Amino acid sequence: MAVEVKLPTLLRVHAGGAASVDAEGSTIGEVFSDLTARFPALKGNLVDDGGSLHKFVNVYRNDDDIRYLEALDTKVADGDVISILPAVAGG
Amino acid sequence: MTRHETILGVIGDTPLVGIHALSPNPDVRIYAKLEGQNPGGSSKDRIALTMIDLAEREGTLARGDTILEPSSGNTGIGLALVAKLRGYRLRVVMPENVSIERRQLLEIFGAEVIASPGEEGSNGAIRLAEKLSADEPSLKLLFQYGNPANPLAHYEGTGPEIWRDCPELDVFVAGLGTSGTLMGVGRFLKEQNPAVKVVAVEPPAGELIAALRSLDDGFIPPIFDPAVLDGKSIVRARESVEWLRRLLDECGIFAGVSSGAAVAGAVKEAEKLESGTVVTLLPDGGWKYLSSGAWTDDLDVVADRATKINYW
């Protein structure tokens with residue numbers, strides 16, 4: 001599956017400055033493995049040492065937060081847009 | 001009850017109004033709770049009153065004290081209203097790029113406004129308030145993000161009102177913000193009926209905060225318990241404004257920008273149901289956003305403005 005991954009400003013420096021990169025995989029976890037293989041500096045910024053999603057990162061598959069889907073096992077389809085955003089305060 | 005001895009008695013007990021015209025399915029009804037009907041103009045009047053009540057009861061707040069609070073506006077306005085009647089001074093730390101009307105209202109109510117850097121968003125306001133509080137320990141920081149009185153106001157007020165007015169609801173949708181509304185209402189509704197689904201919508205706030213240097217500068221409100229939610233999704237600025245306009249055009253409701261996002265979320269949940277009832281909460285009225293051009297300017301212009309000015 002080919003998906004588009006949108007990166008927040010503070011992670012772009014780890015991906016050659018790109019705001020958006022294409023990646024492959026059938027789950028979010030596989031998409032992240034593909035990304036970190038190509039951009040090793042992204043590694044600690046997406047998944048923590050225990051293999052879970054980084055505490056201060058929110059990841060959305062077409063606008064739905066994957067923590068309420070199947071987290072890193074969430075399936076992706078061709079053309080899905082994956083957005084990565086830092087956890088910040090609202091209100 | 002329509003007779004009150006002070007304006008504070010008017011806080012809460014807001015109306016629940018059908019916005020069925022916006023439902024994609026005639027068998028799914030959508031109701032909106034109009035929090036803009038509160039006297040300070042938003043749902044935050046509830047938490048302002050509860051936070052001050054609780055602090056007074058615990059003896060941490062005494063007449064003449066100065067309250068300090070980080071707020072993008074509405075909590076500050078609610079606190080300014082309660083502080084005025086209860087005899088407190090108030091300092092609000094607010095990002096400099098919020099709508100002009102928020103600052104005007106705070107000044108009218110007599111609050112002192114301290115500007116925090118706009119590009120740091122609410123995170124920056126929180127950080128500055130914590131620093132000011134450490135420098136000057138006599139200031140009373142109520143801290144809506146971590147104060148149990150915030151969800152409590154909704155657990156004891158907003159939630160029971162919704163259950164009283166609409167016990168048949170299937171889904172409750174609200175903006176995330178501090179998470180106080182979703183935590184309090186969500187917990188109360190699930191206790192009454194565990195089958196009720198609780199869904200959060202949020203603006204793409206992380207995109208607006210250009211000054212975030214590291215992910216570890218991120219912030220999750222201490223009152224947020226992810227287990228209360230069944231789903232969470234992003235609503236973009238453009239989509240929020242589109243629904244905000246339909247809310248006015250088709251339902252005659254003049255609400256704030258974040259209400260557009262709440263309605264967008266409610267409509268998405270309505271699409272998933274064969275039949276049933278969705279309830280959403282509209283945090284404030286449209287008055288504080290007239291300068292945003294949300295109803296009058298070109299949609300692209302408004303959406304672009306929403307990436308620079310904090311309307312949430």
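In the predicted model, B:Glu239, B:Ser240, B:Val241, B:Trp243, B:Leu244 and B:Leu247 of H8(B) are in contact with B:Val257, B:Ser259, B:Gly260, B:Ala261, B:Val263 and B:Ala264 of H9(B), two residues being in contact if their C-beta atoms, placed from the backbone, lie within 7 Å. By class, this contact comprises eight nonpolar, three polar and one charged residues; Ala, Val, Leu, Ile, Met, Phe, Trp, Tyr, Cys and Pro count as nonpolar, Asp, Glu, Lys and Arg as charged, and the others, Gly among them, as polar. The axes of helix H8 (residues 237–251) and helix H9 (residues 257–272) of chain B come within 7 Å and cross at roughly 90 degrees. H8(B) is therefore roughly perpendicular to H9(B), a term covering angles of 65 to 115 degrees. Axes are lines fitted to C-alpha atoms, for helices over the stretch in contact, with angles running from 0 to 180 degrees between N-to-C directions. Helices (H or I, at least four residues) and strands (E, at least two) are DSSP runs, numbered from the N terminus.

The largest nonpolar core has 114 residues, such a core being a set of buried Ala, Val, Leu, Ile, Met, Phe, Trp, Tyr and Cys residues joined through C-beta atoms within 7 Å. A residue is buried if 20 or more other C-beta atoms lie within 10 Å of its own. H9(B) gives the most to this core, with eight residues. Because domain 1 (7–37 + 157–305) and domain 2 (44–141) of chain B both contribute residues, the core lies between them. The residues with the most contacts inside the core are A:Val31, B:Phe172, B:Val173 and B:Ala262. Beyond its neighbours within four places in sequence, B:Val173 is in contact with residues including B:Val199, B:Val201, B:Ala262 and B:Glu269.

The domain bounds come from an automatic or database domain assignment. The centres of domain 1 and domain 2 of chain B, taken over C-alpha atoms, are separated by 23 Å. In their contact, 21 residues of domain 1 of chain B meet 18 residues of domain 2 of chain B. Helix H5 (149–165) and H7 of chain B each give two or more residues to the domain 1 side, which divides into twelve nonpolar, six polar and three charged residues.

Between the chains, the contact takes 35 residues from chain B and 21 residues from chain A. Helix H4 (121–135), helix H7 (205–208) and strand S9 (231–234) of chain B each supply at least two residues of the chain B side.

Residues are numbered from 1 along each chain as its sequence is written, and chains are lettered from A and ligands numbered from 1 in the order in which they are written. As the model is predicted, local features need pLDDT of at least 70 and side-chain atom pairs count only at pLDDT 80 or more, whereas totals for chains, interfaces and linings use all residues.

Terms used
Parallel < 35°, antiparallel > 145°, perpendicular 65-115°, else oblique. Buried ≥ 20, exposed ≤ 12 C-beta atoms within 10 Å, placed from the backbone.
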